[in-house]
Amino acid sequence: MQKAALDIQNYALLDDNECNARIADAKKKLGRRCVILGHHYQRDEVFFHADLTGDSLRLSREASQSDAEYIVFCGVHFMAEVADILSKPGQVSILPDLAAGCSMADMANLSAVERCWQELESVLKPDQQLTPVTYINSAADLKAFCGRHGGIVCTSSNAKKILEWGFGQREKILFFPDQHLGRNTGYRMGIPLEKMVTWDPLQKMGGLSREQIVSADIILWKGYCSVHQVFKPEHIDRFLEIYPDTQVIAHPECSFEVCQKSPFIGSTETILKTIRDAPTNTRWLVGTELNLVNRLANEVRPEGKEVHFMSPTLCMCSTMFRTDPQHLLWVLENLVEGSVVNEIRVPNDVSTFAKLALDRMLEVA
Ligand code: 13P
Ligand code: SF4
């Protein structure tokens, strides 16, 4: 029988040093029964404790391949859901702070996407003409929607391959929730901007005319990431005026205009690899979350590489930041005591179809 859980209130005021020592101790006690996965946007104090780190694609692979009884996900809610969906029977996925969501994922929900699908029925035959593609930054029931309707999941590192797969199935794509990832990827595949229309879920028929829908190749959901929205093309221009020899790299969640000015575009993992592999004494302007950029800047400074945050105003992902050493310690000490707190469990009927869409992605990419 599960024991009564230790109370989070007793952890809230612990200082980080004490937490660090106790996290290390709890990890030792749990051994191979527990794996901590850490996304690149986690703050240093938490990232440091991760057994495996990566972008969304790598972490979902790690989650599907792990044999640990407990998968503690230092990331955001949809990531822990993916870990649960891909986990083996008996494995438990845990999110240290349940308030760690993703504001972009929240911009699309099942009822709005189902309404969109129905409204499109007046113009198209969606199940014959549209492949639904959801960015992994989405709730499990939207992944299940894609699974049920012949669709698929993508991440920022495999979006091009996934869109190619989608076009191989049906003539058009409905892409949600991030318009920017969809537009940036489509454009790099040679699809002109006028063939990518934006569906506004707050308007009837998405605010689109019949003709726009019929002639579109991709229908993009009007969602975005507030963190990547901060970067503007003029930030790149101003920096290049002062340091013309700078290399620019951006995450594909940045706007079209920013990505057009960035010769390098890629997932968090790709950004890290590109700069780590770059020649010494190079200067980089990076359009992605602050914790990653600061950590990378410190890592490559000894090689003479300079890494700068793209925006003059500092902005981090506040939901990724929710996971602190206090919450991590709390979940780990509970596991040591034999009690599971903050388990993320996706209902079976959702999980089955979400897994179908995720398995398609893992197979294609
Ligand atoms: P990556 O898959 O590139 O790590 O991106 C996840 C994310 O949430 C970016 O905002
Ligand atoms: Fe979501 Fe943006 Fe945070 Fe990524 S950076 S988790 S997309 S809010």
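This is a predicted model: local features need pLDDT of at least 70, side-chain atom pairs count only at pLDDT 80 or more; totals for chains, interfaces and linings use all residues.
Visitor: OK, how far is an oxygen atom of ligand 1 from an N or O atom in the side chain of Glu-253?

Guide: That distance is 2.9 Å, so the pair falls within the 3.5 Å cut-off.

Visitor: And how much of ligand 1 does the protein bury?

Guide: Ligand 1 exposes 300 Å² when taken alone, and the protein buries 96% of that.

Visitor: What about Ser-56 and Asn-137, how far are they from an oxygen atom of ligand 1?

Guide: For Ser-56, an N or O atom of the side chain is 2.8 Å from a ligand 1 oxygen. For Asn-137, a polar side-chain atom lies 3.0 Å from an oxygen atom of ligand 1.

Visitor: Which other residues are around ligand 1?

Guide: Among them are His-39, Tyr-41, Asp-55, Tyr-135, His-228 and His-251, plus Ser-156, Ser-267 and Thr-268. By class, the shell has 2 nonpolar, 8 polar and 2 charged residues.

Visitor: Switching to ligand 2, which residues are around that one?

Guide: The residues there include Cys-102, Ser-103, Met-104, Cys-225, Val-227, Cys-317 and Met-320. Tyr-41, Asn-137 and Glu-253 are around ligand 2, and those three are also in the shell of ligand 1.

Visitor: How does the ligand 2 shell split by class?

Guide: It has 7 nonpolar, 2 polar and 1 charged residues.

Visitor: Let's zoom out. How many helices and strands does the protein have?

Guide: There are 16 helices and 13 strands. The radius of gyration is 21 Å, close to the 21 Å that the globule rule gives for 365 residues, so the protein is as compact as a globular protein of that length. Along the principal axes, the C-alpha atoms fill a box of roughly 60 × 55 × 35 Å.

Visitor: Now the backbone. Where is the cis peptide bond?

Guide: It joins Phe-176 and Pro-177, with omega about -10 degrees. Pro-177 is in the loop between β7 (172-176) and α9 (179-188).

Visitor: And what is the phi of Met-205?

Guide: Met-205 has a positive phi of about 50 degrees, although it is not a glycine. Met-205 lies in the loop between β8 (196-199) and α10 (210-215).

Methods:
Residues are numbered from 1 along each chain as its sequence is written. Chains are lettered from A and ligands numbered from 1 in the order in which they are written. Side-chain values use heavy atoms; hydrogens and water are left out. A residue is near a molecule or strand if one of its heavy atoms lies within 4 Å of it. Ala, Val, Leu, Ile, Met, Phe, Trp, Tyr, Cys and Pro count as nonpolar, Asp, Glu, Lys and Arg as charged, and the others, Gly among them, as polar. A polar contact is a pair of N or O atoms within 3.5 Å; within protein, one must be able to donate a hydrogen and the other to accept it, and residues adjacent in sequence count only if both atoms are side-chain atoms. Accessible areas come from the Shrake-Rupley method with a 1.4 Å probe; for residues, only the protein chains shown count as cover. Helices (H or I, at least four residues) and strands (E, at least two) are DSSP runs, numbered from the N terminus. The radius of gyration is taken over C-alpha atoms; the globule rule is 2.2 Å times the number of residues to the power 0.38.
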